[in-house]
Amino acid sequence: MKVIVDMDVCKDHGQCVFSAPEVFQINENGRLVYEAEPDESLRDAVEEAADVCPLQAITIEG
Amino acid sequence: MGQRIVIAGASMGGLRAAERLRASGYTGEIVAVGDETHMPYNRPPLSKEALASEVTHEAVAFRLRPAVADVTWRLGVPIASADLEARAVRLADGAELAYDGLVIATGMRPRRLPTPGPTAGRHVVRTLEDACALRSELGPDARVLVIGAGFIGCEVAATARLLGADVTVVAPEAVPMRRPLGDDLGAALQRRHEQQGVRFLLGRTVAAFLGEDRVTGAELSDGTRLDAGVVVEAVGSASNTEWLDGNGLDLSDGVLCDNALRVEGRPGVVAVGDVARFPNPRYDGVARRIEHWSIPTDTAKRAAVTLMTDLGLSGHDPAPFAPLPTFWSDQYDLRIQSFGAPALGADDIRVLEGDLDGEVVVGYHTDGALVGVVLIGLPSAVARYRAELMRNSVAA
Ligand SMILES: Cc1cc2nc3c(=O)[nH]c(=O)nc-3n(C[C@H](O)[C@H](O)[C@H](O)COP(=O)(O)OP(=O)(O)OC[C@H]3O[C@@H](n4cnc5c(N)ncnc54)[C@H](O)[C@@H]3O)c2cc1C
Ligand code: SF4
């Protein structure tokens, strides 16, 4: 599974962080950082993160 | 024959319900009926980034998970009526659909002003078509009158201003976004809008629209006359529940549900999204509708489990449903985020961090306990306050 966040669209709301903290984090500068190839066991959490992103900036491939 | 679930309303709540039914292991038929002609799309950009650039379905369409590939979408046709005893809905084209389970996801429509005068040039923003029509009239030469100073009104004002239009906001309240945010934060946001060149005429309403074939201006309740070629009415919304009339339901404000989103006394019928009025044990247990974007997703998750139980497909889930309401709004480069229930803490509002004219965290309290937080900026503080709100609850 590959995760792509369109960083031109992302506004660092951080909603994704609450759904999948293993994959998405807000760093101390308030910017989103994320794991691009998370483990398959995290699929449900990552799908939920993509659903709750207000900007719909998260795409999942594979 | 296999089981059939009918989803009434093919927007965010309907889509999320279909996804959650599949995720809960439901393998029967799902038919989603929607009166709009489009596949489900995202509304918030219609007053923000999409309105600022280009309003197309591609730009706002929700991604469809493979799990919902076999859902039947009946689009462009409203449900005219429902017979909950007989377990069937009738579509406006005369077709009748029997169901084993029903998901009510028909959401809201904008209220319209009864104000006299021409109607051409008057807009609302709820659907893609609404936003397209408004977009085509916005530009540097436009004189825009926004009626209503809630979130959608203020977002449209900001977007129209970014497009170079001359913008005036008229509303009966004393400060914009007052009800959710309180006087001080509302006033601070008004100053930000004014710095961007938006004019506010508050404490007033529109008495009449001026013009012959289309709007050329408005006369306000205090006699003020304004020129305006584009009017946006952002004066709240009404529930789409008429199709449920005659079934003995409490439809006084959306559809009354129990805490599991089951329509009162009707096993096999659930409601999700803006139209669902449910008690939240995180707060006072009073049933309320919540028009936040987080709610279709949260309610669909719980409602799917309830339907599975009622259809005999899974066991009862005793866990109380206590979502943390979450809302955001983008105006200029300001990101406003709200967590919890600020309206319940309106009598005790404190600035917790930062200052009202910069980045700020405002807390709303009941009996000294934090029940809601609104942040402007300060993204790195979100997790901390959200965690505190998850711990606190006002319920006795
Ligand atoms: C312009 C705008 C900006 C917003 N911005 C934000 C924001 O920044 N942050 C935030 O948290 N929330 C925001 N919201 C709110 C958020 O979009 C809603 O909470 C969400 O859309 C609710 O989804 P829903 O599926 O419950 O209802 P809806 O999206 O209203 O969907 C209901 C669907 O049912 C259809 N329908 C109605 N009656 C019938 C019938 N009889 N038969 C068949 N179909 C029917 C409707 O046409 C519609 O397609 C915004 C809303 C709007 C309009
Ligand atoms: S929820 Fe969306 S916009 Fe917010 S930080 Fe995550 S990816 Fe970015």
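These legends go with close-up views of a predicted model. Local features need pLDDT of at least 70 and side-chain atom pairs pLDDT 80 or more, while totals for chains, interfaces and linings use all residues. Residues are numbered from 1 along each chain as its sequence is written, chains are lettered from A and ligands numbered from 1 in the order written, and side-chain values use heavy atoms, without hydrogens or water.

**View 1. Where chain A meets chain B.** Here 19 residues from chain A touch 21 residues from chain B (contact means heavy atoms within 4.5 Å). Together the chains bury about 1700 Å², 48% of it on carbon and sulfur atoms; buried area is the accessible area (1.4 Å probe) that two parts lose on being put together, summed over both. On the chain A side, His13(A), Phe18(A) and Asp51(A) lose the most area to chain B, together 34% of what that side buries.

**View 2. A salt bridge between the chains.** Asp51(A) pairs up with Arg63(B), with the closest N and O atoms 3.6 Å apart. The count between chain A and chain B is 6 salt bridges (a side-chain nitrogen of Lys or Arg within 4 Å of a carboxyl oxygen of Asp or Glu).

**View 3. Around ligand 1.** Of the 32 residues around ligand 1, those that come nearest are Asp35(B), Glu36(B), Arg43(B), Lys48(B) and Asp274(B) (near: a heavy atom within 4 Å). A polar side-chain atom of Lys48(B) sits 2.5 Å from an oxygen atom of ligand 1. For Trp328(B), a polar backbone atom lies 2.8 Å from an oxygen atom of the ligand.

Terms used: Polar contact = N/O pair within 3.5 Å; in protein donor to acceptor, adjacent residues only side chain to side chain.
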